[in-house]
Amino acid sequence: MKAIFLDRDGTLLVEVGYLNHPSQVVPYHFTAEALKLAGEAGFLLILITNQSGIARGYLSEAELGAIHERMQAILRESGVELDGIYYCPHHAEGTIERYTKKCACRKPGTVLGEQAAERFGIDLGASFMIGDKETDLAFGRALGVTPCLVRTGFGSFEESSRGPAGLEGARIFDNLLNTVQWISKRRIGPDR
Ligand SMILES: [Mg+2]
Ligand SMILES: [Zn+2]
């Protein structure tokens, strides 16, 4: 199986800071179309999200679950669904003791990607990561998938503040739909 690993906020959902209630789940207008296209092109859709708000006491794991149910329900109305949702609840400077640690699952750490790859049998060389921050790209590079930056969320800021050299090897697109359109037309194998 090949997969597209996806960041959540600023990539699928409008960036609102620390999203902590299902009512704040607002996909971009192109999100469902992009995910459908990716699914039709044979990609698993795997969400990888840093949720340090849990360690910081802004929301509970149960509340995060409700947020993700709401997101899936909205997507299902458009005939698409994420195949896997993986999150890191930790942060080194949290306020909730059991989540306060320097972990290996917070992006750019690759643990969650490795777990998904193992569970679904993902061919990482044929897979992609799409996100709006350098940490998403670093995660993709370290996992061995092709990293793609979107200009939504913090993406434009990342692009202008780091410049092309700072985004090392990443493809850059305006948004998720443009990215998936490029991916779905691309043949597996070396770039031509
Ligand atoms: Mg993001
Ligand atoms: Zn973690």
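**Group meeting: fold of the chain**

Good morning. Read along the sequence, this chain follows the pattern β-α-β-α-α-β-α-β-α-β-α-β-α. In total there are seven helices and six strands, where helices (H or I, at least four residues) and strands (E, at least two) are DSSP runs, numbered from the N terminus. The model is predicted: local features need pLDDT of at least 70, side-chain atom pairs count only at pLDDT 80 or more, and totals for chains, interfaces and linings use all residues. Residues are numbered from 1 along each chain as its sequence is written, while chains are lettered from A and ligands numbered from 1 in the order in which they are written.

Let me turn to the sheet. Six strands form an open sheet with parallel pairing, in the order β3-β2-β1-β4-β5-β6; two strands pair if DSSP finds at least two bridges between them. The edges are held by β3 (84-88) and β6 (171-173), each with a single partner strand, so one side of each has no neighbour in the sheet. On average, neighbouring strands of this sheet are turned by 20 degrees against each other, direction ignored. Here axes are lines fitted to C-alpha atoms, for helices over the stretch in contact, and angles run from 0 to 180 degrees between N-to-C directions.

Strand β1 (residues 2-6) runs parallel to strand β2 (residues 43-50), and five bridges join them. Ile-4 has Leu-45 in β2 as its bridge partner. Helix α5 (residues 134-143) packs on the sheet and touches β1, β2, β4 (128-131) and β5 (146-150); its direction makes about 170 degrees with that of β4. Contact between two residues requires C-beta atoms, placed from the backbone, within 7 Å. Helix α7 (residues 176-185) also packs on the sheet, touching β1, β4, β5 and β6, and its direction makes about 130 degrees with that of β6.

How do α1 and α7 meet? The axes of helix α1 (residues 31-40) and α7 come within 8 Å and cross at roughly 15 degrees. The two helices are therefore roughly parallel to each other; angles under 35 degrees count as roughly parallel, over 145 as roughly antiparallel, 65 to 115 as roughly perpendicular and the rest as oblique. The contact involves Thr-31, Glu-33, Ala-34, Leu-37 and Ala-38 of α1, together with Leu-176, Leu-177, Val-180, Gln-181 and Ser-184 of α7.

One backbone detail remains. Lys-107 and Pro-108 are joined by a cis peptide bond, with omega about 15 degrees. Pro-108 lies in the loop between β3 and α4 (111-120).
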